[in-house]
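Please prepare a briefing on the helices, cavities, pockets and backbone details of the structure shown here.

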Amino acid sequence: MPKSYYLFVLFLLATFTALAQKPVETKGYPVIINRDTLFTFYTGQGLFEPAERAQVVTKRIEGLVDRIDFNPDSLTLKNDTSVSVISYNSQIILAVNNKDATFTELNRPQLAASYLAILKKKLGNYFTDSSTKQVVINILEAVAVVILLIVLIWALNKGSRWLKLKTLRAWEARMDKLAAKGAPVAYAKRLLPLVTGLLRIGRFILIILLVYLALPVLFFIFPASKPIAVQLLSYIVNPFKSILLGIVHYIPNLLTIAVIYIVTRYIVKLVKFIANEIAQGAITINGFYPEWAMPTYNIIRVLLFAFMFVVIFPYLPGSDSKVFQGVTVFLGILFSLGSSSAISNMVSGIVLTYMRPYKIGDRIKVGDVMGDVVEKNLLVTRLRTIKNEDITIPNATILSGHTTNYSTVAKTMGLILNTTITIGYDVPWQTVHNLLISAAEATEGILLTDHKPFVLQTGLNDFNVAYQLNAYTELSNQMAAIYSRLHQNIQDKFNEAGVEIMSPNYFALRDGNHIQIPDGYVPEGYSKPGFKVEGEK
């Protein structure tokens, strides 16, 4: 081959070698904030191309700038084996890889450190911009906020006065209607100053809240006072944030409490259903009386709810804190010390329930008090006497003494009413018996069918004989009225028979004294005897 051919081939190889050794220019994509280029990306990151990567990082930095709590000093750098990450409060801002370092004379950690320094410097300057134009804009914004605050306070005052006027008019109209119906309105009028005072306090609270919320806005307008705005907002935001987070975290415990409550409630309903069936006689249990059903249900209900509270207690917020436990112990001690007598009455009430000494409507006697049982609960028993006096007796008093029940067997065996009179020895006992029994038979409310009245001679006294009349009745609640009618009939029967009642003790001089019966029963032609004086014969 000609020598020129070899020279041409050598020329081509030299040209291609020179082109291969010449670096290829790569297009970079800048990150621009406030018309200022912070840095440029020449390579992609993960799935992002260089252009997309620059856009994403730009949006993240702009998002930081828009945050009212942003502090450039909080930016941090973390170097890993293959990547360096710049973040702000666990939020990733950008990542620097090894390829980025090939376009500089720095290694990857050094390049990442330079990016961090640029961010802190540029973003710090962003918040300290003190140009005249920006200062004027900030002042105008502050004036607008102040004007808006004044307008809101003015509107709040106007609205408060309007609401107060409407409230006063509605209150007066209501009082006039109540007064027209004859209802007492003096107490309601005394409440009016309280209502107006509450409206005034509410207005002051709203004004203070508006001023407090306006201060962070004012401080945020000026870059130098931005940390104060953040601090003021944190005083309001942080408590609400803590409350909301506490509520969210408490939802599982709340669901557990709801399930426990629902299950307990339905168990209580089941027990109540069974108790009602027993009380109505639909279900019978040997040795268990129907009147025990509802008291037993009440006891079981208290025990079930107490058990429910014990189970729920660990799920209550703050139940594991020392303060909560101390307060519960303190309340328990106060309850124990202050309710010893009440607990004694409650225990006595439970014992009396199962002793069954009386029930509602029975005529009983406790100590010196006799009356009908109108109420019986765990603490006290209330009796209503024949004079319509309601007397409250603690259950502990009843349990420690004796109780007389006049109604227990009145409907079955009959209650025996008894009264005693004394008659002189000159009247045959058969006559007295007949008169007493006839008086009982003539008395309304005395049983005459299965239970006959009878008389007992209870004593042979110095001047008379004691006769006790016994008669049956099933109307134990009418004892006083029956006794009264019985005594009236005894008087009538003895007066009709001309027999003097020597009760309780009666002394008479027969010579010269009128017979001791009413004039209507005196025999016709009766004359008062005179004294007889007989001398010696």
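Ile118 counts as partly exposed, because its relative accessibility is 26%, where buried means under 20% relative accessible area, exposed means over 50%, and partly exposed lies in between, for a 1.4 Å probe and protein chains only. The model is a predicted one, in which local features need pLDDT of at least 70 and side-chain atom pairs count only at pLDDT 80 or more, while totals for chains, interfaces and linings use all residues. Residues are numbered from 1 along each chain as its sequence is written, and side-chain values use heavy atoms, with hydrogens and water left out.

- Ile118 belongs to helix α4, residues 108-127, where helices are DSSP runs of H or I with at least four residues, strands are DSSP runs of E with at least two, and both are numbered from the N terminus.
- Between Ile118 and Phe39 there are 79 residues of separation in sequence, yet their C-alpha atoms are 8.3 Å apart in space.
- Leu77 sits in strand β3, residues 75-79, and is partly exposed, with a relative accessible area of 28%.
- The C-alpha atoms of Leu77 and Ala112 lie 7.6 Å apart, although the two residues are 35 residues apart in sequence.
- Ile437, found in helix α12 (residues 429-441), is partly exposed at a relative accessible area of 25%.
- A C-alpha separation of 8.7 Å is found for Ile437 and Asn470, which are 33 residues apart along the chain.

- Helix α7 covers residues 226-279, and its 54 residues should span 80 Å at 1.5 Å a residue, which agrees with the 74 Å between its end C-alpha atoms; the expected span is 1.5 Å times one less than the number of residues.
- Within α7, a kink of about 45 degrees lies at Ile251, shortly before the proline Pro252, the bend at a residue being the angle between axes fitted to the seven residues ending there and the seven starting there.
- Just after α7, Gly281 takes a positive phi of about 90 degrees.
- Helix α8 (residues 293-312) has 20 residues and reaches 28 Å from its first C-alpha to its last, close to the expected 28 Å.
- In α8 the buried residues are Ala293, Thr296, Tyr297, Met308 and Ile312.
- They lie on the same side of α8 because they cover an arc of only 135 degrees around the axis, an arc taken over the directions from the helix axis to the C-beta atoms.
- On the other side of α8, the residues Val302, Leu303 and Val310 are exposed.

**Cavity and pocket**

- The structure holds one cavity of 30 Å³ or more, a cavity being a set of points, on a 1 Å grid over the protein atoms alone, where a 1.4 Å probe fits but cannot get out.
- The volume of the largest cavity is about 30 Å³, where grid points are joined across faces, edges and corners and a volume is the space filled by probe spheres set on the points.
- Its lining is formed by Gly349, Leu352, Thr353, Tyr358, Lys376, Asn377, Thr381 and Asn395, lining residues being those with an atom within 4 Å of a point.
- Helix α10 (residues 340-355) supplies the largest share of the lining of the largest cavity, three residues.
- That lining divides into two nonpolar, five polar and one charged residue, with Ala, Val, Leu, Ile, Met, Phe, Trp, Tyr, Cys and Pro counted as nonpolar, Asp, Glu, Lys and Arg as charged, and the others, Gly among them, as polar.
- The second largest pocket has a volume of about 400 Å³, a pocket being an open set with protein on both sides within 12 Å along at least five of seven lines.
- Of the 17 residues that line the second largest pocket, Glu291, Pro295, Thr353, Tyr358 and Lys376 lie nearest its centre.
- While α8 and α10 each supply at least two residues of the lining of this pocket, α8 gives the most, with three residues.

**Positive phi in loops**

- Asn89, in the loop between β4 (83-88) and β5 (91-97), has a positive phi near 55 degrees and counts as partly exposed at 48% relative accessibility.
- Asn388, in the loop between β8 (380-384) and β9 (390-394), has a positive phi near 60 degrees and is exposed, with a relative accessible area of 63%.
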